[in-house]
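Take a moment to look over the chain, then read on.

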Amino acid sequence: MKKANKFIYIISPNRIKNRNFFKDLEEIFKSKKVKYFQLRLKNENIHNLIRYGKRIKKLCKKYKVKLIINDNVKVALKIGADGCHLGQADMKISQARKILKNKLLGVTCHNSIKLVKKEIKNQVDYIALGAFFKSSTKIVKYKAYLGLITKVKSITNIPIVAIGGINSINYKKLLLKKADFLAISGYIWNNKKLNPLEALKKLK
């Protein structure tokens, strides 16, 4: 995982409500700002998850965006996604690695150096830290401080994905701390003032 000029890691809305989503997603991908897209549909049935995943995979392939599936290793394998993101309560990295082989595996470490050290040993491909700011997408259980990025950078070269309430006002604070990627969802999909592409363009 190398940042290059692409530092945006888009997470899907909690629900895909209409056809405009796919049109908006393609416009976002055309911007060439997005490196990763995570399909995160917690309350969707497997049939729809696979159906959406296959359609999104075509767009990801067209625009050279890596497709990550949240939580579900089997779905990631079935649709040929580029990888899977796992939380601390999900399948163990060692088990996921046996199934997905050389695919990308990322893991949430919240605000814990202890968890980071554990996942370094598990040889994950990236570490997600946060939430750094108040999030409209989900309730913040773990509040992370900006200096945590610096601390983690001092013990590992594994890329860091910063998460939690990131928007056009606060995102530079995370880049200044050398976060490799910014995981963004609510600011893109639930923005009351800007459409998804307009919101993305504010992140320069």
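The sections below go from the whole chain to a few individual residues.

## About the model

This is a predicted model, in which local features need pLDDT of at least 70 and side-chain atom pairs count only at pLDDT 80 or more, while totals for chains, interfaces and linings use all residues. Residues are numbered from 1 along each chain as its sequence is written, and side-chain values use heavy atoms, with hydrogens and water left out.

## Overall fold

The protein has nine helices and eight strands; these are DSSP runs numbered from the N terminus, with helices (H or I) of at least four residues and strands (E) of at least two. Its C-alpha trace spans about 45 × 40 × 30 Å along the principal axes. The radius of gyration is 16 Å, which agrees with the value near 17 Å that a compact globule of 204 residues would have. That radius is taken over C-alpha atoms, and the globule rule is 2.2 Å times the number of residues to the power 0.38.

Of the 204 residues, 49% are buried. Here buried means under 20% relative accessible area, exposed means over 50%, and partly exposed lies in between (1.4 Å probe, protein chains only). A contact means heavy atoms within 4.5 Å; among contacts between residues at least 6 apart in sequence, 58% join residues at least 24 apart.

## Surface and charge

The side chains include 48 positive and 11 negative ones, and the centres of the two sets lie 3 Å apart. Lys and Arg count as positive, Asp and Glu as negative, with His and the chain ends not counted. Each charge is placed at NZ of Lys, CZ of Arg, CG of Asp or CD of Glu.

## Ser12, a buried loop residue

Ser12 sits in the loop between strand S1 (8–11) and helix H1 (20–30). With a relative accessible area of 1%, Ser12 is buried. Leaving aside residues up to four places away in sequence, Ser12 touches Phe37, Gln38, Leu39, Arg40, Leu41, Ser185 and Trp189. A polar atom of the Ser12 side chain lies 2.9 Å from the backbone nitrogen of Arg40.

## Backbone points to check

Most residues other than glycine have a negative phi, and most peptide bonds are trans. Lys32, in the loop between H1 and strand S2 (34–39), has a positive phi near 65°, and at 64% relative accessibility Lys32 counts as exposed. Lys178 has a positive phi of about 75°; Lys178 lies in the loop between helix H7 (171–176) and strand S8 (181–184) and is exposed, with a relative accessible area of 57%.

The peptide bond from Gly130 to Ala131 is cis, with omega near 15°. Ala131 is in the loop between strand S6 (126–129) and helix H6 (147–153).

Where is Asn191 placed? Asn191 is in the loop between helix H8 (186–189) and helix H9 (196–201), and is partly exposed, with a relative accessible area of 21%. Its side chain has a polar atom 3.1 Å from the backbone oxygen of Tyr187, and one 3.0 Å from the backbone nitrogen of Lys193.

Not counting residues up to four places away in sequence, Asn191 touches Gly186 and Ala199.

Technical notes. Polar contact = N/O pair within 3.5 Å; in protein donor to acceptor, adjacent residues only side chain to side chain.
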